[in-house]
Amino acid sequence: MVKKFEISNNIRKLRFFANEMTQQDLAEKVGVSRQTIIAIEAGKYSPTLELAFRIADVFGVGIGEVFQCELKGE
């Protein structure tokens, strides 16, 4: 069986603590569409490594505070 990584994120919480930043605000700051931010927050899309670092940079935190990865399977 192939192991699969399940990636989760804290973007919604980080936006809330960043003066309730909107998805549109974050999208503009990192250069993607609002729909991309929606998909990432919902766990339906995994960002590129570059985008993940840009998102972390917006919030002034390390990438590990934004994204977590859990190994699923055997």
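This is a predicted model: local features need pLDDT of at least 70, side-chain atom pairs count only at pLDDT 80 or more; totals for chains, interfaces and linings use all residues.
Let me begin with helix 4, which runs over 49-59. Which residues of helix 4 are buried? They are L51, A52, I55, A56 and F59. Looking down the axis of helix 4, those buried residues sit within an arc of 140 degrees, so they line one face of the helix. L49, E50 and D57 are on the other side of helix 4, and these are exposed.

What covers the buried residues of helix 4? The cover includes helix 1 (11-17), helix 2 (23-30), helix 3 (34-41), helix 5 and strand 2. After helix 4 comes G60, which has a positive phi, near 70 degrees.

As background, nonpolar side chains tend to be buried together in soluble globular proteins. In this model the largest nonpolar core has 15 residues, and I11, L26, I55, V66 and F67 touch the most other members. Helix 1, helix 2, helix 3 and helix 4 are the elements that give two or more residues to this core. Which of them gives the most? Helix 4 does, with five residues.

I will pick out V66 from that list. Leaving out residues up to four places away in sequence, V66 touches S8, N9, N10, I11, L14, I55, A56 and V61. Two of the names there, I11 and I55, are also on the list of core residues that touch the most other members.

Now the largest pocket. The space in it is about 160 Å³. Its lining is made of I7, S46, P47, T48, L49, A52, I63, G64, F67, Q68 and C69. Where do these residues come from? Strand 2 has the largest share, at three residues. By class, the lining has seven nonpolar residues, four polar ones and no charged ones. A few of these residues have come up already. A52 is one of the buried residues of helix 4, L49 is exposed on the other side of that helix, and F67 is in the nonpolar core.

That leaves some single residues, which I will take in turn.

Q23 is in helix 2. Is Q23 buried or exposed? With a relative accessibility of 16%, Q23 counts as buried, the cut-off being under 20%. Apart from neighbours within four places in sequence, its contacts are R15, R34, I37, I38 and E41.

V32 is in the loop between helix 2 and helix 3. Its relative accessible area is 24%, so V32 is partly exposed. Again leaving aside neighbours within four places, V32 is in contact with A27, I37 and L51. V32 and L51 are 19 residues apart along the chain, and their C-alpha atoms are separated by 8.8 Å.

G73 is in the segment after strand 2. At 51% relative accessibility, G73 counts as exposed. G73 and K4 are 69 residues apart along the chain, with 6.3 Å between their C-alpha atoms.

Most residues other than glycine have a negative phi. N19 is not a glycine, and its phi is positive, near 55 degrees. E20, also a residue other than glycine, has a positive phi near 55 degrees. Where do they lie? N19 is in the loop between helix 1 and helix 2, and E20 is in the loop between helix 1 and helix 2 as well. N19 is exposed, with a relative accessible area of 77%. E20 counts as exposed at 56% relative accessibility.

Note on methods:
Residues are numbered from 1 along each chain as its sequence is written. Side-chain values use heavy atoms; hydrogens and water are left out. On a 1 Å grid over the protein atoms alone, a cavity is a set of points where a 1.4 Å probe fits but cannot get out, and a pocket is an open set with protein on both sides within 12 Å along at least five of seven lines; lining residues have an atom within 4 Å of a point. Grid points are joined across faces, edges and corners, and a volume is the space filled by probe spheres set on the points. Helices (H or I, at least four residues) and strands (E, at least two) are DSSP runs, numbered from the N terminus. Ala, Val, Leu, Ile, Met, Phe, Trp, Tyr, Cys and Pro count as nonpolar, Asp, Glu, Lys and Arg as charged, and the others, Gly among them, as polar. Buried means under 20% relative accessible area, exposed over 50%, partly exposed in between (1.4 Å probe, protein chains only). The arc is that of the directions from the helix axis to the C-beta atoms. Contact means heavy atoms within 4.5 Å. A nonpolar core is a set of buried Ala, Val, Leu, Ile, Met, Phe, Trp, Tyr and Cys residues joined through side-chain atoms within 4.5 Å.
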